Amino acid sequence: MEEVVDIVVDFEDYFPSMMERYGAEGLMMELCNGFRLLMDGERGLITFESLKMKSVVLGLSDLKDEEIVCMLSEGDLDGDGALNQAEFCILMFRLSPGLLMYAQ
């Protein structure tokens with residue numbers, strides 16, 4: 001029987017304030033910078049290994065492997081087990097309910 005992992009993450013949504021401060025273009029540049037920070041330099045993707053390694057650098061060393069897999073699978077639209085830049089950006093926007101006011 002497969003175990004279901006239920007993960008709840010509480011975070012503050014800074015995207016609306018970033019949008020106000022940087023504008024749409026600036027926010028996209030910051031998202032691209034975040035992607036590059038987390039990606040595997042050789043593959044050009046955020047992989048399980050790159051996210052696990054970089055999470056330690058970012059002070060998130062207590063993330064479990066299951067949590068990292070869930071994070072990746074949440075945004076993995078093409079099913080390759082990793083996030084490309086477009087998938088990462090889409091995921092970040094989906095996770096920011098505060099940005100909905102800018103979509104109108």
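## Salt bridges

The count of salt bridges (a side-chain nitrogen of Lys or Arg within 4 Å of a carboxyl oxygen of Asp or Glu) comes to two. This is a predicted model, where local features need pLDDT of at least 70, side-chain atom pairs count only at pLDDT 80 or more, and totals for chains, interfaces and linings use all residues. Residues are numbered from 1 along each chain as its sequence is written, and side-chain values use heavy atoms, leaving out hydrogens and water.

Let's meet the pairs. Lysine 52 and aspartate 65 join through their side chains at 2.3 Å, N to O. Lysine 52 sits in helix H2 and aspartate 65 in helix H3 (residues 65–75), so this pair ties together parts 13 residues apart in sequence. Helices here are DSSP runs of H or I, at least four residues, numbered from the N terminus.

The other pair is glutamate 74 with arginine 94, at 2.8 Å, N to O. Glutamate 74 belongs to helix H3 and arginine 94 to helix H4, so parts 20 residues apart in sequence are tied together.

## A buried charge

Now look at glutamate 87, in helix H4. Glutamate 87 is buried (under 20% relative accessible area, with a 1.4 Å probe and protein chains only) yet has no salt bridge. The nearest side chain of opposite charge (Lys and Arg count as positive, Asp and Glu as negative; His and the chain ends are not counted) is arginine 94, 9.1 Å away.

## A bent helix

Helix H1 bends by about 110 degrees at glycine 23, taken as the angle between axes fitted to the seven residues ending there and the seven starting there.

Conventions: Helices (H or I, at least four residues) and strands (E, at least two) are DSSP runs, numbered from the N terminus. Buried means under 20% relative accessible area, exposed over 50%, partly exposed in between (1.4 Å probe, protein chains only).
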